[in-house]
Amino acid sequence: MSDGKTVAANDAMNDVVVVGGGVAGLNAALVLARARRRVVVVDGGTPRHAPAAHTHGFLTRDGMSPAALAEAGRAEVARYGVPLIDGRVDHVQADREGAAGFLVRPAGGPVLKARRVLVATGLRDDLPEIPGVRERWGRDLLHCPYCHGYEVRDEPIGVLGTGPGSVHQALLLRQWSDDVVFLPHTSDLADGDRERLTARGIPILDGRVRWLVVDGDRLRGVELAEGRVVPRRAVFVFPRMVPHDALLTGLGCERSADGWVVTDASGRTGVPGVWAAGNVRDPRAQAVTAAGQGAAAAFAINHDLVDEEAERAVEDYRATGTAPHAPHHLPAALR
């Protein structure tokens with residue numbers, strides 16, 4: 001939690017304000033702080049992976065809880081003097097009255113000035129309205145086979161049909177278990193998909209899903225509308241992913257045809273000075289991927305600032321004919 005002094009210190013111009021304190025935002029802040037940039041992180045405190053017990057596939061952090069990972073990341077960034085402000089950002093706008101840059105408005109806090117903005121606000125998982133789904137989400141109702149498949153290897157697994165991605169999810173999970181069943185629920189299966197599932201030894205159990213059967217705080221199975229209970233140890237679902245991109249679109253960033261803000265490989269958007277990293281721009285990004293995207297965005301932002309500073313220095317030099325003095329410890333001939 002930031003204190004009054006920390007917040008007041010940010011009345012001045014910051015090099016970068018990072019909106020979102022997940023692994024993408026924190027890793028970006030770490031890289032920028034090590035580049036001696038003035039950085040502030042504002043975090044709303046609602047990470048996507050909070051329901052999960054563990055983070056997997058992240059070298060040196062495999063098995064760590066999301067909360068512990070976030071705490072460790074915040075501590076590392078704080079060691080470099082980066083202010084961490086807890087709160088949701090209501091609005092970001094171009095600063096048209098002051099120097100070129102942006103005004104970032106945290107809810108209930110002071111306006112932050114920034115030369116560049118990195119948005120790392122993640123996404124929301126829209127889950128099917130089936131009793132038990134929200135309660136088991138991140139526990140034994142799962143999404144990512146690469147994140148959680150190993151923990152339920154060789155167990156009875158169900159895949160709940162929510163759209164085209166669910167079929168691929170079932171085919172993928174066949175690597176982790178020989179006992180995978182597909183539950184179309186209300187989705188329609190194309191003949192080709194039925195054939196692929198059948199050929200891979202994945203039974204298709206037609207019928208609407210009534211609810212998830214839980215006993216002793218553990219998933220026991222899936223009950224169909226007909227009353228049949230299919231015993232399962234875990235159920236996977238492919239949710240509809242909705243990016244938290246209102247800040248980006250409010251700045252004028254364009255979305256692609258698939259509904260995600262358009263960026264280049266570094267996360268640079270079409271709006272000068274605005275970057276995005278993590279799940280807000282990439283629904284497939286796991287924690288380790290998001291961290292890498294944060295670093296890539298930080299590199300690009302720092303290079304962009306360096307270019308701007310060099311261009312400004314050239315303009316000043318041409319106007320005045322003078323340049324900053326070289327360090328006094330250098331020999332006179334080199335100054």
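**Strand pairing and contacts**

Modeller: Leu-118 stands opposite Trp-275 in strand E16. This is a predicted model: local features need pLDDT of at least 70, side-chain atom pairs count only at pLDDT 80 or more, and totals for chains, interfaces and linings use all residues. Residues are numbered from 1 along each chain as its sequence is written, and side-chain values use heavy atoms, with hydrogens and water left out.

Biologist: How many bridges do E6 and E16 pair over?

Modeller: Three, in the parallel sense, with E16 covering residues 274-276. Strands here are DSSP runs (E, at least two residues), helices too (H or I, at least four), numbered from the N terminus. Two strands pair if DSSP finds at least two bridges between them.

Biologist: What else pairs with E6, and how does E1 run?

Modeller: Strand E1 (residues 13-19) runs parallel to E6, joined by six bridges. Asn-14 stands opposite Ala-114 in E6. Strand E5 (residues 102-106) pairs with E6 in the antiparallel sense over three bridges. The bridge partner of Phe-102 in E6 is Ala-114.

Biologist: What sits between E5 and E6?

Modeller: Five residues; the two strands form a hairpin. Gly-108 in the turn has a positive phi of about 75°.

Biologist: Why call E6 largely enclosed?

Modeller: Seven of its eight residues (112-119) are buried, so the rest of the structure largely encloses E6. Buried means under 20% relative accessible area, exposed over 50%, partly exposed in between (1.4 Å probe, protein chains only).

Biologist: New topic. How many aromatic pairs?

Modeller: One. The rings of Tyr-146 and Trp-176 have centres 5.8 Å apart and planes at 85°, so the pair is edge-to-face. Rings of Phe, Tyr and Trp (its six-membered ring) pair if their centres lie within 6.5 Å; planes under 30 degrees apart count as stacked, over 60 as edge-to-face, the rest as tilted.

Biologist: Tyr-146, buried or exposed?

Modeller: Exposed, at 54% relative accessibility. Trp-176 counts as buried at 15%.

Biologist: Last one. What order does the open sheet have?

Modeller: E8-E14-E9-E10, four strands with parallel pairing. Strand E8 (141-142) and E10 stand at the edges. Val-159 stands opposite Phe-182 in E10.
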